[in-house]
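Trainee: Can we go through this model together? I'd like to know what stands behind each label.

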Amino acid sequence: MNRKLRELAEWVNGKVVGDGEINISGVAAIDEAKEGEITFIANPKYLPKLDQTCASAVIVSHEVSQREKPLLCVDNPYLAFAKILTLFSQNPYQSRGIDPHSWISSTATLGEELTIYPFVYIGDRCSIGDRVTLYPGVHVGEGSSIGEESILYPNVSIYPGTIIGRRVILHSGVVVGSDGFGYVKEGKRNVKIPQVGGVEIEDDVEIGANTTIDRATLGKTIIRKGVKIDNLVQVAHNVIIGEDSIIVAQVGISGSTKIGSNVTLAGQVGVVGHIEIGDNVMVGAQSGVAHDLEANQGYVGSPALPHREFLRAITVFPKLPEMRKTLLEIERRFKKIEEALSSKGKEK
Amino acid sequence: MNRKLRELAEWVNGKVVGDGEINISGVAAIDEAKEGEITFIANPKYLPKLDQTCASAVIVSHEVSQREKPLLCVDNPYLAFAKILTLFSQNPYQSRGIDPHSWISSTATLGEELTIYPFVYIGDRCSIGDRVTLYPGVHVGEGSSIGEESILYPNVSIYPGTIIGRRVILHSGVVVGSDGFGYVKEGKRNVKIPQVGGVEIEDDVEIGANTTIDRATLGKTIIRKGVKIDNLVQVAHNVIIGEDSIIVAQVGISGSTKIGSNVTLAGQVGVVGHIEIGDNVMVGAQSGVAHDLEANQGYVGSPALPHREFLRAITVFPKLPEMRKTLLEIERRFKKIEEALSSKGKEK
Amino acid sequence: MNRKLRELAEWVNGKVVGDGEINISGVAAIDEAKEGEITFIANPKYLPKLDQTCASAVIVSHEVSQREKPLLCVDNPYLAFAKILTLFSQNPYQSRGIDPHSWISSTATLGEELTIYPFVYIGDRCSIGDRVTLYPGVHVGEGSSIGEESILYPNVSIYPGTIIGRRVILHSGVVVGSDGFGYVKEGKRNVKIPQVGGVEIEDDVEIGANTTIDRATLGKTIIRKGVKIDNLVQVAHNVIIGEDSIIVAQVGISGSTKIGSNVTLAGQVGVVGHIEIGDNVMVGAQSGVAHDLEANQGYVGSPALPHREFLRAITVFPKLPEMRKTLLEIERRFKKIEEALSSKGKEK
C-alpha cells in the first residue's frame, strides 16, 4: 500500500512542509527507516537525527523549521505516528469460521462472522457477539458474554458469568473471574468466603498477558470503558477501575479499592484495599498506596507521598550517614561548650 | 432456597434479636441487599448503615444493641457471613463424566464420579482421586497424583511427579512443578542445574490464578495443609510453606526458604532464599525480607524491620529535607559561637 | 546407572582423595543422601555435616583436607555437582511423534523426530526444527520459527512472527510476542499504537513459568544467547537483554531499555524504559532503576544507588527518630546558649 504524503497529512490533520506528492510505503523507527518510509520525532532530543535518517519524510511538531527532507508537521507527532501506523498496519477483519476441533455448548448463542480456533471451549448459555475472535485454548465459562469484535488470544480463561464488552482485547494467559482471595480465620484455620459475585469489562478495554482479574465476593469487579492494563497485573475482588485509566505491568490492586478515571499507576505499584484514588492521579513506579489519594495529583514512594515531597526527601536519603556523623559531632562539641560555659558561670 | 433466620442462627451458633421466623432467601452486601436478604456489618464504622439497608436481617457482633430490624448476633460477624454465604451458594457436586475430547493415558488410574472436560491431558501413570474436576486445558504430567474433590481450573499446568492433596483448588494458569531457577556460572556461561526434585501440595490448599510453584532441585517444594496463596505469587524451588499460612498476591519467595505456620505475607513482599520465617509472623505489603524473622512478630519495610520501628522511622522520612536544613544551619551558627568563644578566650 | 568415583572425577576434572573405585548410583542433598550416593558442600558453613552424611562420597573444594570418606576435590563444587547431576538425570531424547489430536497447518515446515502432544496448535508457515518438543496447549502463531531441540512446556503461547533459537526452554504459561503496552492520549482517550514489530529469542535461552515477553512496536524485542529468565518476569516492547544475563523472578523491564551482557537483576527489580544497564552489573532485589547504570558495578535501592552507598544510608534509616530527637534538643539548647551569650554581650 502506498500513500502520498499529503494524504497522510489529511489523515492526521497536519501540514506538509516540502513535497507532498512523494509516495510513502510504510512506517519505521528513525534509525531503521528506509527510502520510501516515514518516521517520526516526538522527543526534541532526537532532532539531530532528522538529517541522518534514510526516511523519505518525518513527522515532527510544528516548531521544527524547514529542512531538506519533506516534513509532516502536527500538534502531537506521537499521536500522528500512531494513526499513520494504524493506517499502514491494519488489515480488514476476515472471519475464519468455527473450527470443528472447538467445543461449543449447544445452548450458547453465537454471532455472525466468528473466528473460533481449535481447542476453544464455550460453555452453556454463553453469548458470543459478531466478529469475535477466540484463539486456541480459550475457555469461556458458562453464562458469560463477549461483545462484538473482541479478541481473546490463546489460553485466556474466562470464569462463568463474566460480562465482556465490545472491541475488548485480552492477551494470552489472562484470567478473568477467578475467585477473590477471601478467607476468615476460625482459630488458625482459614475459612473460605464464597466468591459469588462477577466481573464486568466494558467496551474498548485491553488487558495484557497473564494479568488476573478476580470476581467479586458479592456484586461486581468492574473495569470501565477504555481502560488499558499491562501484563502480570493483579486486580482483586470488587475493585473498580475508572474510564481510560492506565495500569502498567505488575501493579497489584487490593480488594474493594476504587480507582478514578484517567488515572495512571506506573509499574509495580501496590494499592491496599478499601481505598479511593481520585481522577487523573499519577502514581510513580513501585509506589505503595495505603490511603485515599486526592484527584489531579502525582504521588510516589512507599508509602506514597506527593511527588515533590518524596523527591525532596529521597534526595537527602544518601546523605544520611554524613548527617548522622555531623549530628554526633555537633552533639559532642556542644556538650563541651555547655560545660565550658557552665564552669565559667561557676568561676564567677 | 429459603431459611428461617433462627435456622441460620443455629448454623452459626448465634442469637436472634427480633423475629427469628422471617424467611431469608440470600446474602448480599449492605448497600445492595434487597428485602428477604441478610447482610452483615463486620466493621463498626458501617453501623450507621444498619438502619438504611433494605436487608431483612443483619449479622452483627454481640455489642450491637437492639434495632427495629431483626439482628443475628454472633462473636465474629465476618465468619458468620462466610458460613451463611456458603450455605446459600454451595451446590452439591455433580459429576459430568469424562469428555471424549480429553486425552487420558491408558496407564492412568481414575477415581469415581470424575468431571474431565474437553482438551484435558492426563499423562502416564497419573492417579486421579474421586470427584476431581479438571477443566479444559488442564495438563497433568506423568506420574502425578491428585487427591479427592480437588478442582483444577482451565489451563492449569502440572509437571510430572507432582503430588496434590484432597480438596485442593488450583485457579486458572497455575503452574506447579516447573524447573527451579538454578544455574552455576562456568566463566560467563550459565550451566543449568537439573531440577530433579518434586512438589507436594497438601490437603485444603488453594492457589490463585497464574501463581507458579517450582519443583525442588533435589527433595521437595512443600505447601502444607490449609495454605492459601493468592494470584501471581512466585514460590521457588525447595521452599516450604507451613500450615494455614496466607500468601497475598505477587509475593515472591526465593529458594530453600522455610515459612512457618499461620504466617501472613502481604502483597508484593519479597523473601530472599535460605532463610526461616517463624510461626504467626505478619509481614507488611511490599516488604523485603533478607534475614530470619522471629516468630509471633510483625515486620514491614525493605529491608524489613519490626513493625513499630519501621513506622517510627518512616514517619521521619518526609522531614529529612527540613532536618538537613536545620542541621546545616546549626553547624554554621555553632561554628560562629565556637569562634566567638575561642576569640574571647584569646582576649583574656 | 552406576559410575565409579574416579570416572566422575574425570568428568568434572577433579581429584579423588580416598578410594576412587567405589560405585556411585546417584546424587542427593547432604541431609538426604543414602549409601551409594554422592553429595556436595559448596558453602564452608556446611563442612561440619561432612562427617555426618550417609553419602558414600562428597564433592568439596580443594581446600578441604582428607577425611575418612572419599572426597572428590574440585575448583567449584557447585559446578561439579551440576555436571554430575546432569550426568545422572539426563535421559536421551526420544521422539514421541506427532499426536493426531494436535492441529498443524499444512503450510508449516516440520523437522525430524518431533514430539508434538495433543491440543498443540501450529499456524500457517511456521517452521519447527528437529527434535523440538511441544507440550499440550502450546500455541505457535503463524510465521513463527522454533529451532532444534527447543522445548515448549504446556500452555505456552507464541504470537505470530516470533523467532525462537535452538535448545530454548519455555516453561508453562510463558507468553512471547504479545502486544507492547503502547498508547498515546488523544484528550482522555487512549489511542493504541499498533505493535507491528517482533520478538527474537536466541539459542540456549530458558524462560520461567508465566513470564511475558512483548513484541516490539517497530523492530524487535531481543533476548540474546544464554539468557536465563525466571518466573513471572515482564519484558516490555523493544527491550534487549544481553548474552548470559540472569533475570530473577518478578522483575519488570520497561520499554526500549537495553540490558548488557552477564547482568544480574535480582527478584522484583523494576527498570524504567529507554535506559541502558552496562555489562556485568548486579542489581539487588526490589531495586528501582531509573537511570543508566555503569558497567561492572553493584546497585541496590529504589531509586537504585551504588551498593555500598545504599547500605550505609539504609543502616541509618532506623535511627531517624533518635536523630530527629537529638536534633530538636540541640536546637533548643542551642538557642538558650545563643540567648545567654547575646545577653552577656549586652551586659557588657
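**Helix, contact and symmetry**

Mentor: Start with helix 2 of chain A, residues 77–89: its 13 residues reach 18 Å from the first C-alpha to the last, close to the 18 Å expected at 1.5 Å a residue. This is a predicted model, where local features need pLDDT of at least 70, side-chain atom pairs count only at 80 or more, and totals for chains, interfaces and linings use all residues. Residues are numbered from 1 along each chain as its sequence is written, while chains are lettered from A and ligands numbered from 1 in the order in which they are written.

Trainee: What makes residues 77–89 of chain A a helix?

Mentor: A helix is a DSSP run of H or I with at least four residues, numbered from the N terminus, and this one has 13. The expected span is 1.5 Å times one less than the number of residues.

Trainee: Which residues of helix 2 of chain A are called buried?

Mentor: Among them are Tyr78(A), Phe81(A), Lys83(A) and Leu85(A). Buried means that 20 or more other C-beta atoms, placed from the backbone, lie within 10 Å of the residue's own.

Trainee: How many residues do chains C and A bring to their contact?

Mentor: Chain C gives 50 and chain A gives 54, counting C-beta atoms, placed from the backbone, within 7 Å. Helix 4 of chain C supplies the largest share of chain C's side, five residues.

Trainee: What rotation superposes chain C on chain A?

Mentor: One of 120°, with 0.0 Å of shift along its axis and an RMSD of 0.1 Å, by least squares on C-alpha atoms of residues with pLDDT of at least 70 in both. The two copies are therefore related as by a three-fold rotation axis.

Trainee: What ipTM does the predictor give the complex?

Mentor: The ipTM is 0.95, with a pTM of 0.96.

Key. Two residues are in contact if their C-beta atoms, placed from the backbone, lie within 7 Å. Helices (H or I, at least four residues) and strands (E, at least two) are DSSP runs, numbered from the N terminus. A residue is buried if 20 or more other C-beta atoms lie within 10 Å of its own, exposed if 12 or fewer, and partly exposed in between; C-beta atoms are placed from the backbone.
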